[in-house]
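Trainee: I have this one open on my screen and would like to go through it with you slowly. Please start wherever you like.

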Amino acid sequence: MRRKRYREPVFSGGFTAFLLVILLIGCGVVLYIVMSSDSGGGVASLRPPVSNESGTGDGDYEPGTSVGMGEGQDPGPGDTTDNVVAGGEPDTNSGGVEGYDYGDITGVPPTITLLTEVDNSLLPWYLKLVNRYNFLEYDFYPQLTYLGVGGGHRFDTRAYRALLNMFESARAEGLDPIVVSSFRSVSRQTYLFNRQIQRNIDAGYSEGQAFENARRVVAYPGTSEHNLGLAVDIVSNSYHGLTARQAETAEGIWLAENSWRYGFVLRYPYYQQHITNIIFEPWHFRYVGVDAAAEMFARGLVLEEFVSELLQNQ
Ligand SMILES: [Zn+2]
């Protein structure tokens with residue numbers, strides 16, 4: 001009796017341990033399947049399946065700037081040109097580039113209805129949605145901090161430290177990322193937009209044509225994430241091109257894999273161009289906070305999807 005009483009709990013504990021081991025193995029297998037699936041989250045959902053030649057419009061290009069953070073350089077002339085696309089067939093509103101291989105488009109879970117217009121007042125500042133359907137007001141102007149002594153680039157003060165941390169980590173690993181575009185105000189965007197219209201009129205276009213053509217090369221005022229102060233364009237110092245090739249640089253690879261740790265997301269991934277309406281931009285990173293960035297990265301969601309889900313669950 002004594003021996004039996006002694007053995008029972010031992011056997012029972014051993015059996016529980018056995019069940020736990022089986023359970024853990026099961027979880028491991030499921031996790032492995034999820035991680036190795038292309039339709040899942042992570043870096044695989046951010047990048048194109050093969051290296052492709054893009055090199056055209058992104059609505060982001062600012063020629064002439066290669067200001068490194070903290071290097072104390074003056075902003076190049078590009079900083080005052082702002083948002084002019086580098087030739088090709090630029091169209092920030094086209095949803096992509098002709099001849100672009102979209103690959104297997106990752107489907108949106110059926111439970112999520114993508115909202116075209118969002119009540120941004122329901123969202124925290126770091127999740128504010130700015131896109132072709134969600135405009136910033138003309139006088140929107142966040143509190144900004146300069147990136148580096150004397151540099152012309154500014155970023156939202158509340159997220160500045162996170163950006164700096166990300167750069168410090170990248171540099172600690174021997175990488176050399178540089179900022180080529182950061183904040184620009186809605187009023188400045190308006191000035192640039194109107195100037196482009198005037199140039200088109202001077203070139204002989206009608207007012208309507210001048211407007212439409214301006215939209216193709218300058219982001220419409222208030223619809224650029226750069227107006228928000230939470231977006232930054234980062235390129236490798238070894239390759240400054242704003243093309244899909246940026247994703248193949250050591251800096252591009254590192255940022256795609258690690259930016260979420262600092263609260264940033266690769267905002268316009270390859271597989272969700274049909275949702276973002278912006279071509280694959282491996283250089284454009286948006287601060288959304290660490291929690292949201294971690295979840296968006298793990299589940300392969302873009303901000304439109306994340307915010308839609310969040311608002312529906314409120
Ligand atoms: Zn950008």
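Trainee: Which residues does Glu304 touch, not counting residues up to four places away in sequence?

Mentor: Glu304 touches Leu114, Leu129, Asn131, Arg267, Ile275 and Thr276, where contact means heavy atoms within 4.5 Å. Keep in mind that this is a predicted model, in which local features need pLDDT of at least 70 and side-chain atom pairs count only at pLDDT 80 or more, while totals for chains, interfaces and linings use all residues. Residues are numbered from 1 along each chain as its sequence is written, and side-chain values use heavy atoms, with hydrogens and water left out.

Trainee: Is Glu304 buried or exposed?

Mentor: Glu304 counts as buried because its relative accessible area is 6%, and the cut-offs are under 20% for buried, over 50% for exposed and partly exposed in between, with a 1.4 Å probe and protein chains only.

Trainee: Where does Glu304 sit, and how far is its C-alpha atom from that of Leu127?

Mentor: Glu304 lies in helix α8; helices (H or I, at least four residues) and strands (E, at least two) are DSSP runs numbered from the N terminus. The C-alpha atoms of Glu304 and Leu127 are separated by 9.8 Å, although the two residues are 177 residues apart along the chain.

Trainee: And how many residues of α8 are buried?

Mentor: Eight of the ten residues of α8 are buried, so the helix is mostly covered. The buried ones are Leu303, Glu304, Glu305, Phe306, Val307, Ser308, Glu309 and Leu311, and they pack against β5, α6 (273-276), β6 (281-287) and α7.

Trainee: At what angle do α7 and α8 cross?

Mentor: The axes of α7 (residues 290-299) and α8 (residues 303-312) come within 10 Å and cross at roughly 110°, the axes being lines fitted to C-alpha atoms over the stretch in contact, with angles from 0 to 180 degrees between N-to-C directions. That angle makes α7 roughly perpendicular to α8, given that under 35 degrees counts as roughly parallel, over 145 as roughly antiparallel, 65 to 115 as roughly perpendicular and the rest as oblique. The crossing is right-handed, which is the case where the near helix is turned clockwise from the far one by less than a right angle, anticlockwise being left-handed.

Trainee: Which residues make that contact?

Mentor: On the α7 side they are Ala292, Glu295, Met296 and Arg299, and on the α8 side Leu303, Phe306 and Glu309. By class there are four nonpolar, no polar and three charged residues, with Ala, Val, Leu, Ile, Met, Phe, Trp, Tyr, Cys and Pro taken as nonpolar, Asp, Glu, Lys and Arg as charged, and the others, Gly among them, as polar.

Trainee: Which residues of α7 are buried, then?

Mentor: Ala292, Ala293, Met296 and Phe297 of α7 are buried. Seen down the axis of α7, these buried residues fall within an arc of 125°, so they line one face of the helix; the arc is that of the directions from the helix axis to the C-beta atoms. Asp291 and Ala298, on the other side of α7, are exposed. The cover over the buried residues includes α5 (250-258), β5 (264-268) and α8, and just after α7, Gly300 takes a positive phi of about 70°.

Trainee: New topic: at what angle do α3 and α4 cross?

Mentor: The axes of α3 (residues 186-202) and α4 (residues 207-217) come within 8 Å and cross at roughly 130°, and the two helices are therefore oblique to each other. Here too the crossing is right-handed. The residues in contact include Phe193 and Ile197 of α3 and Ala210 and Phe211 of α4, and the contact as a whole divides into seven nonpolar, three polar and two charged residues.

Trainee: Last one: how many helices and strands does the chain have?

Mentor: The chain has eight helices and six strands, and 49% of its 314 residues count as buried. Among contacts between residues at least 6 apart in sequence, 73% join residues at least 24 apart.
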